[in-house]
Amino acid sequence: MGADAKTAMKVEMTDAAAKRIARIVSSEPGKTALRVSVEGGGCSGFSYKFDLVAGANDDDVAIEKDGATVLIDDLSLVYMGGSVIDFVDDLMGQSFQIRNPNAVASCGCGTSFSI
């Protein structure tokens with residue numbers, strides 16, 4: 001895999017997301033990371049799923065920052081390459097948001113997209 005392909009597959013998290021993930025995981029006994037995966041379905045074709053997990057699987061890529069770990073499986077990484085995971089706290093509420101450059105459409109729920 002060339003350097004461009006590896007860069008395209010990279011997923012990052014913001015400081016706000018790392019801080020929130022570390023706080024959530026520390027309050028959940030036995031959990032060590034936030035798993036982000038892509039599933040078929042949702043109002044735009046694909047949707048993001050967030051789960052707290054105890055450990056990584058063999059096909060996971062781990063993204064670590066400031067004591068927080070996000071796990072993404074190989075298949076989901078194909079759809080999420082180049083994305084940034086953020087945590088937003090605004091008038092609409094608190095939520096994890098994924099800015100995905102591969103998504104050509106999304107919906108109001110913020111967890112569904114199409115490519």
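1. The model discussed here is predicted. In it, the backbone nitrogen of leucine 75 lies 3.1 Å from a polar atom of the aspartate 73 side chain. That side chain also has a polar atom 2.9 Å from the backbone nitrogen of serine 76. Aspartate 73 itself belongs to strand S5, which covers residues 68-73, and helix H3 covers 74-80.

2. Which side chain of opposite charge is nearest to aspartate 73? It is arginine 35, at a distance of 4.9 Å. Aspartate 73 is buried and yet has no salt bridge; the cut-off for such a bridge is 4 Å between a side-chain nitrogen and a carboxyl oxygen. Leaving aside neighbours within four places in sequence, aspartate 73 is in contact with Arg35, Ser37, Asp59 and Asp60.

3. The side chains of aspartate 60 and arginine 35 form a salt bridge with an N to O distance of 2.8 Å. Aspartate 60 is in strand S4 (residues 60-65) and arginine 35 in strand S2, so this bridge ties together parts that are 25 residues apart in sequence. Both aspartate 60 and arginine 35 are buried.

4. The count of salt bridges comes to six. One of them joins arginine 99 and aspartate 86, whose closest N and O atoms are 3.1 Å apart. Because arginine 99 lies in strand S7 and aspartate 86 in strand S6, the pair links parts that are 13 residues apart in sequence. The two partners can be set side by side: arginine 99 is partly exposed, with a relative accessible area of 45%, whereas aspartate 86 counts as buried, at 14%.

5. Glutamate 12 and lysine 10 also form a salt bridge, with their closest N and O atoms 3.8 Å apart. Glutamate 12 is partly exposed at a relative accessible area of 42%, and lysine 10 is likewise partly exposed at 47%. Elsewhere, Glu39, Lys49 and Asp51 are linked in a network of salt bridges.

6. The next point concerns the nonpolar interior. Nonpolar side chains tend to be buried together in soluble globular proteins. Here the largest nonpolar core has 20 residues, and the members that touch the most others are Met13, Ile21, Val36, Val70, Ile72, Met80 and Ile85. At least two core residues come from each of helix H2 (15-26), strand S2 (33-40), strand S5, helix H3, strand S6 (84-90) and strand S7 (93-99). Helix H2 provides the largest share, namely four residues.

7. What does valine 70 touch, apart from residues up to four places away in sequence? Its partners are Met13, Ile21, Leu34, Val36, Val61, Ala62, Ile63 and Ile85. Among them, Met13, Ile21, Val36 and Ile85 are also listed with valine 70 as core members that touch the most others.

8. Lysine 65 lies in strand S4 and is partly exposed, at 29% relative accessibility. Beyond residues up to four places away in sequence, lysine 65 touches Met13, Thr14, Asp15 and Ala18. With aspartate 15, the side chain of lysine 65 makes a polar contact of 2.9 Å.

9. Aspartate 66 is located in the loop between S4 and S5. Most residues other than glycine have a negative phi. Aspartate 66, by contrast, has a positive phi near 50 degrees. This residue is exposed, with a relative accessible area of 61%.

10. These details may now be placed in the overall picture. The protein contains three helices and nine strands, and its elements run α-β-α-β-β-β-β-α-β-β-β-β from the N terminus. Of its 115 residues, 37% count as buried. Among contacts with a separation of 6 or more, 52% are between residues 24 or more positions apart. The accessible surface is about 6,600 Å², and carbon and sulfur atoms account for 52% of that area.

Terms used
Residues numbered from 1 in each chain as written. Predicted model: local features only at pLDDT ≥ 70, side-chain atom pairs only at ≥ 80, totals over all residues. Heavy atoms only, no water. Buried < 20%, exposed > 50% of the residue type's maximum accessible area, 1.4 Å probe, protein only. Contact = heavy atoms within 4.5 Å. Areas by Shrake-Rupley, 256 points an atom, 1.4 Å probe, with all protein chains shown as cover. Lys, Arg positive; Asp, Glu negative; His and termini not counted. Polar contact = N/O pair within 3.5 Å; in protein donor to acceptor, adjacent residues only side chain to side chain. Core = buried A, V, L, I, M, F, W, Y, C linked by side-chain atoms within 4.5 Å.
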